[in-house]
Amino acid sequence: MAFINIQQLNKTFTSDADQVVALDDLTVEISEGTFLGVMGPSGSGKSTLLTILGGLSRPTAGQVNVDGIDIYALGGEQLADFRREYLGFVFQAFNLIPYLNARENVMLPLAVMRLSAREKKRMANQVLERVGLLPRAEHLPSQLSGGEQERVAIARALVNGPPLILADEPTGSLDTATSQSIMDLFSELNADGQTIVMVTHNNENKPYFDRTIVLRDGCVAEDSATRPAAVACAG
Amino acid sequence: MTLESIVLNNLRRRKGRMVFLVAGLLIGVATVVTLISLSNALTADVQHKMEHYGANILITPRSDDLSLSYGGITLGGVSVDSREIRQADLAQIMTIPNSRNIAAVAPKVLGAVEIGSERVLLMGVEVDKEFQLKKWWSVQGEPVTDDGQIVAGQSVANALGLQVGDELVLRDRPFRVSGILNKTGSQDDHLLIASLPVVQQLLGKPGTVSLVEVAALCGDCPVTDMVNQISTALPGVDVSAIQQVVKTRMHALDQFRSFSLAIAAVVILIGALVVFVTMMSAVNERTREIGIFRALGFRRGHVMRLILLESSLLSLLAGILGFFVGMGATRIILPLMSETHVALHWSPMLASLAVLLALVVGCLASFYPALHASRLDPTEALRAL
């Protein structure tokens with residue numbers, strides 16, 4: 001059984017006047033250890049897929065199984081526990097807490113865990129070392145460059161050792177050289193067996209993925225792991 | 001890194017934002033502390049003054065016989081010579097458990113004397129104590145300073161045509177009218193007043209008194225207890241509380257307290273509104289941050305705890321500062337509200353109450369903002385996703 005199993009996922013946003021179909025009967029299976037790139041034009045449903053996969057937004061219909069857990073069968077607080085134990089988020093805008101320094105930001109997911117202060121610090125230092133930012137651990141986000149902030153965000157996503165990392169345009173606001181080093185870092189993590197799902201519209205990132213799916217109008221239009229005819233959108 | 005350290009870091013690095021909340025609550029707590037400490041100090045002041053306001057316990061001989069009326073109070077057996085209170089026994093009054101609440105004990109002997117064709121009530125008093133008890137007495141001339149002097153009530157003076165300095169003979173004993181009591185509107189206007197030993201001798205009642213007025217008062221004095229204690233100490237006499245006086249005094253104090261409490265309640269309500277608005281806007285400003293916490297796996301309860309912890313710490317600070325500011329304000333205002341010097345009492349109870357009040361109001365007013373924060377949709381909060 002696939003590590004992530006998304007079956008007939010639908011998401012419709014309803015406003016006063018009209019309905020917008022963000023995901024349309026989307027079905028994808030993702031194996032453990034995959035570095036999956038989710039690509040596609042703006043409005044194709046990439047970010048919606050990521051929020052649903054991240055347990056942040058309930059689908060209109062369909063099922064999402066991660067490691068055999070039907071995540072939308074979980075209650076609200078259990079879903080929060082799932083996010084803490086299974087997921088690491090890397091956001092496009094880094095989303096670091098401005099009044100916490102790099103180490104404290106990295107330790108955030110551990111704040112609600114029953115671990116000693118020393119253990120939390122050890123775990124944070126370990127991942128900061130991994131992303132090459134241990135010497136900058138005491139700096140506030142405002143004192144770090146964009147690339148450094150992205151590395152802190154990656155360290156934060158890694159600190160609790162989650163089986164799955166979800167990244168939304170992590171290189172979207174970085175220059176080419178910095179983007180490359182960040183993608184190298186993701187690649188290294190993947191080489192160590194980390195499952196990563198990354199949303200991006202940057203084609204230069206494509207070579208780093210070992211599988212790419214392209215979304216169009218809320219369904220899978222292309223999948224590098226499957227023959228094109230087999231994944232063509234129904235509409 | 002714990003929830004507590006997130007809160008402390010936030011407060012340490014974003015001080016400006018929270019000054020408003022602390023100030024709002026601080027003003028509320030300080031006002032309550034000021035009103036309560038003012039109320040306590042003024043109540044103590046009023047009690048102190050009331051102790052000089054007059055008697056509220058009356059000791060009379062036990063009698064089923066004839067009575068004479070004085071001051072609207074029926075005195076048993078005053079006209080019957082066989083029943084009097086022994087003056088030596090009065091020392092027992094100061095042995096009761098509540099003796100420290102006794103401000104004055106004023107014994108007096110009463111008897112009718114004839115001046116020409118008029119019958120007049122003559123009262124012998126311990127002059128110092130009587131004048132201490134009846135602050136409202138004012139005398140034209142001088143009060144009684146020696147055994148040969150007498151003070152006449154206004155009505156008696158008018159009826160007998162007495163002037164200050166006149167000679168007056170009572171039962172063959174000459175007196176000089178040293179003063180005339182200004183009109184009191186009470187039965188004191190119908191009295192002749194001389195010193196106790198002289199009147200006892202004149203009336204043939206040596207070592208006895210007709211009645212004793214006791215001023216024993218403070219707001220929390222158990223007057224009925226004291227009545228029982230005096231009854232036990234002095235068997236064979238009637239001891240009664242003048243309920244009307246006590247009730248009037250207590251009513252005045254209660255009204256003052258009620259007024260203070262009403263003002264305090266309004267100010268605290270305003271303080272709670274300030275906390276509510278400040279916390280609500282803080283939550284709205286931190287929507288994105290709360291979204292991050294939720295995305296990282298914080299439960300709703302964790303988010304609520306973050307907000308409530310923050311408001312508790314700020315409320316604690318506001319409570320402590322509010323107490324000191326309130327006491328400072330009382331120190332400044334008190335001399336303006338009282339003619340006499342009133343001591344300011346630093347009460348640990350009031351300090352605890354101030355801190356507790358700040359905590360309760362701060363947490364209650366922050367509860368809805370905290371609930372609102374915990375209910376934020378993480379995807380709405382994280383627009384980036």
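Ala265(B) lies in helix α7 (residues 243-285) of chain B; helices (H or I, at least four residues) and strands (E, at least two) are DSSP runs, numbered from the N terminus. At 46% relative accessibility, Ala265(B) counts as partly exposed. Here buried means under 20% relative accessible area, exposed over 50%, and partly exposed in between (1.4 Å probe, protein chains only). The C-alpha atoms of Ala265(B) and Gly28(B) are separated by 9.2 Å, although the two residues are 237 residues apart along the chain.

The model is predicted: local features need pLDDT of at least 70, side-chain atom pairs count only at pLDDT 80 or more, and totals for chains, interfaces and linings use all residues. Residues are numbered from 1 along each chain as its sequence is written, chains are lettered from A and ligands numbered from 1 in the order in which they are written, and side-chain values use heavy atoms, with hydrogens and water left out.

Chain B also carries a nonpolar surface patch, formed by Leu8(B), Leu313(B), Leu316(B), Ile320(B), Phe324(B) and Trp346(B), with about 540 Å² of accessible area together. Accessible areas come from the Shrake-Rupley method with a 1.4 Å probe; for residues, only the protein chains shown count as cover. Patches are made of residues with over 30% relative accessible area and no salt bridge, with like charges joined within 9 Å and nonpolar side chains (Val, Leu, Ile, Met, Phe, Trp, Tyr) within 5 Å. A salt bridge is a side-chain nitrogen of Lys or Arg within 4 Å of a carboxyl oxygen of Asp or Glu. Helix α9 (residues 300-337) of chain B gives the most to the patch, with four residues. Leu8(B) lies in helix α1 (residues 3-13) of chain B and is partly exposed, at 47% relative accessibility.

Gly179(B), in strand β10 (residues 173-181) of chain B, is buried, with a relative accessible area of 0%. Its contacts (heavy atoms within 4.5 Å) include Val139(B), Gln140(B), Ile150(B) and Val164(B), not counting residues up to four places away in sequence. Gly179(B) and Val144(B) are 7.6 Å apart in space, C-alpha to C-alpha, and 35 residues apart in sequence.

Two covered strands follow. Strand β13 (residues 211-216) of chain B is largely enclosed by the rest of the structure, because six of its six residues are buried. Leu211(B), Glu213(B) and Ala215(B) point one way from β13(B), and Val212(B), Val214(B) and Ala216(B) the other way. In chain A, strand β7 (residues 164-168) is mostly covered, with five of its five residues buried. Leu164(A), Leu166(A) and Asp168(A) point one way from β7(A), while Ile165(A) and Ala167(A) point the other way. In a regular strand the side chains alternate between the two faces of the sheet.

The table lists strand pairings; two strands pair if DSSP finds at least two bridges between them.

| Strand | Partner | Sense | Bridges |
|---|---|---|---|
| β1 (residues 57-61) of chain B | β13(B) | antiparallel | three bridges |
| β5 (residues 102-115) of chain B | β13(B) | antiparallel | six bridges |
| β6 (residues 87-90) of chain A | β7(A) | parallel | four bridges |
| β8 (residues 195-199) of chain A | β7(A) | parallel | five bridges |

In β13(B), Val212(B) is the bridge partner of Ile59(B), and Pro107(B) stands opposite Val212(B). In β7(A), Leu166(A) is the bridge partner of Phe89(A), and Ala167(A) has Met198(A) in β8(A) as its bridge partner.

Chain A also has an open sheet of four strands in the order β2-β1-β4-β5, with antiparallel pairing. Its edge strands are β2 (19-30) and β5 (69-70) of chain A, each pairing on one side only.
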